[in-house]
Amino acid sequence: MTNRDPGQHETLAHSLQPRHVTMISLGGIIGAGIFVGSSAAINVAGPAVLFTYAMCGILVFVIMRMLGEMAIARPGVGTFTGYATLGLGPWAGFVTGWLYFYFWAVTIAVEAIAGAAILVQLLPMPAWLPGTGLILATMLINLLSVRVYGETEFWLAALKVVIITAFIVIGALYIFVFGPGISATRAAMSAHGGMFPAGWAAIFTAIPIVIFSMMGSEVATIAAVETEHPAENVVRAARTVTMRILFFYLGSIAVIVAIVPWDQIVPGHSPFADAMTRIRIPGAALLMAAVVFTAVTSCLNSAIYVTSRMLYEMAERGDAPPVFARVSRRRVPSLAILVSCAAGFTMVLISVISPERAFVFLLESSGAIILCVYLLIALSQITLRRRLETAGEVLPVKVWLFPYVSYALVAAILAILALMAAQPDLREQISLCAILFVVALAAYGLRARARLFEKNSEVIP
């Protein structure tokens, strides 16, 4: 159901193409998490981190397959929050939408701060100034039109894809052709503890680090809404994006651990730069700074897009003030974009005023939210699939071996949450995420009660 008044609102534009959806998905995943964050994962598990990336990639693949199944079974529902509403009820759509909005609003601030940190190395100035400039620049891109956003994200993501592909190719040539050779590489890896220097358990210990660097593929379901054939484009993204991500992640990490001894990789420092330095690529540090800045700008661009579309869809469904469902002459939800940027800018200011307390709270509280969203997506798929099969509907796109694969995914997400709760430095993320989940549920309860009161008031003369 929608609260929109056709006489007052127009629909969003449908000017994105399948190539935009594919690259938007890639851009959402290939960010600073792989270029810099991979250093922490390698430091924990050593070369065995390849198994961690493979497992997390399979998890993301199944999530995308679930979204593809639901999109083709019930086209026109909207994004995954619509599937949550359809599968589990209005409460799930409300909670999923607001938690996801909060996650990406924090991401706006994080990416703006990360981009500012790179810029201040070149032009000394207060960090909040270039951070604000980045938010304003990407806000303008989103306000112009969805086509401008799509094209910008397409080329930013394409640049990252080209750079990673080139890195893998050059790295492989170094290992097998003009470098030390495969025998020397194998000997060097064995000299630092072999494939499993920290034991098998480290593969699982590194999961919380790796899984967060891979999240973002679900953005395809949001962007697909603004294409001519939303359901088909979600399915296409589900089939292609995840396998490409596995190639980029596994390929690049394999090159890194083959060239750079894992115990010499410093957490927080780009292992790509370390590998390129060993290959003797000139200006490796400066090149990686430019690459990371591109990745940060791309993620910031997508974060503003996602938060604004979440507000728009929730307003359409009645889960947010209806004013956010209004679109401009360019058929973009301009007010939702402005409010999303304002939320991100506020968090940037908080990082300046209270970096050790308030901003740390924002970061910690958003940490596990995406896992909760994935859990609700999985539960929605299980419920909706059972309902459709009971009704005798034939599904052209399915999650294989149902319900075993679906339940295995739910168990895997719960296991990751339990693993995070068992690690002292991640435990607070789980606690704060649980509090936010309860707050969102309480907000839904208040909203449902208010609606019931309004309905009863209309009935009583």
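**Questions about loops, burial and a pocket**

Q: Where is Pro403 found?
A: Pro403 is found in the loop between helix H18 (369-390) and helix H19 (404-422). Helices here are DSSP runs of H or I with at least four residues, strands are E runs of at least two, and both are numbered from the N terminus. This is a predicted model, in which local features need pLDDT of at least 70 and side-chain atom pairs count only at pLDDT 80 or more, while totals for chains, interfaces and linings use all residues. Residues are numbered from 1 along each chain as its sequence is written, and side-chain values use heavy atoms, with hydrogens and water left out.

Q: What kind of peptide bond joins Phe402 and Pro403?
A: A cis one, with omega at about 5 degrees.

Q: Why is Arg280 called exposed?
A: Its relative accessibility is 72%. Exposed means over 50% relative accessible area, buried means under 20%, and partly exposed lies in between (1.4 Å probe, protein chains only), so Arg280 at 72% counts as exposed. Arg280 sits in the loop between helix H14 (271-279) and H15, and its phi is positive, near 70 degrees, in a residue other than glycine.

Q: What makes Arg331 partly exposed?
A: Arg331 has 32% relative accessibility, and therefore falls in the partly exposed class. Its place is the loop between H15 and helix H16 (334-353), with a positive phi near 65 degrees.

Q: How do you know that Ser365 is buried?
A: Its relative accessibility is 0%, so Ser365 counts as buried. Ser365 belongs to helix H17 (residues 358-366). Leaving aside neighbours within four places in sequence, Ser365 is in contact (heavy atoms within 4.5 Å) with Tyr102, Leu432, Cys433 and Leu436.

Q: What makes the pairing of Phe361 and Ser365 a polar contact?
A: A polar atom of the Ser365 side chain lies 2.8 Å from the backbone oxygen of Phe361. A polar contact is a pair of N or O atoms within 3.5 Å; within protein, one must be able to donate a hydrogen and the other to accept it, and residues adjacent in sequence count only if both atoms are side-chain atoms.

Q: Why does Ala112 count as buried, and what does it touch?
A: Ala112, in helix H6, has 0% relative accessibility and so counts as buried. Not counting residues up to four places away in sequence, Ala112 touches Gly131, Leu134, Ile135, Leu300 and Val348. Ala112 and Val348 are 236 residues apart in sequence, yet 7.7 Å apart in space, C-alpha to C-alpha.

Q: Why is H11 called largely enclosed?
A: Six of its eight residues are buried, so H11 is largely enclosed by the rest of the structure. The buried ones are Ile207, Pro208, Val210, Ile211, Ser213 and Met214.

Q: Which residues lie nearest the centre of the largest pocket?
A: Of the 35 lining residues, Gly33, Val110, Ile209, Phe212 and Ser213 do. H6 gives the largest share of the lining, seven residues. On a 1 Å grid over the protein atoms alone, a pocket is an open set of points where a 1.4 Å probe fits, with protein on both sides within 12 Å along at least five of seven lines, and lining residues have an atom within 4 Å of a point.
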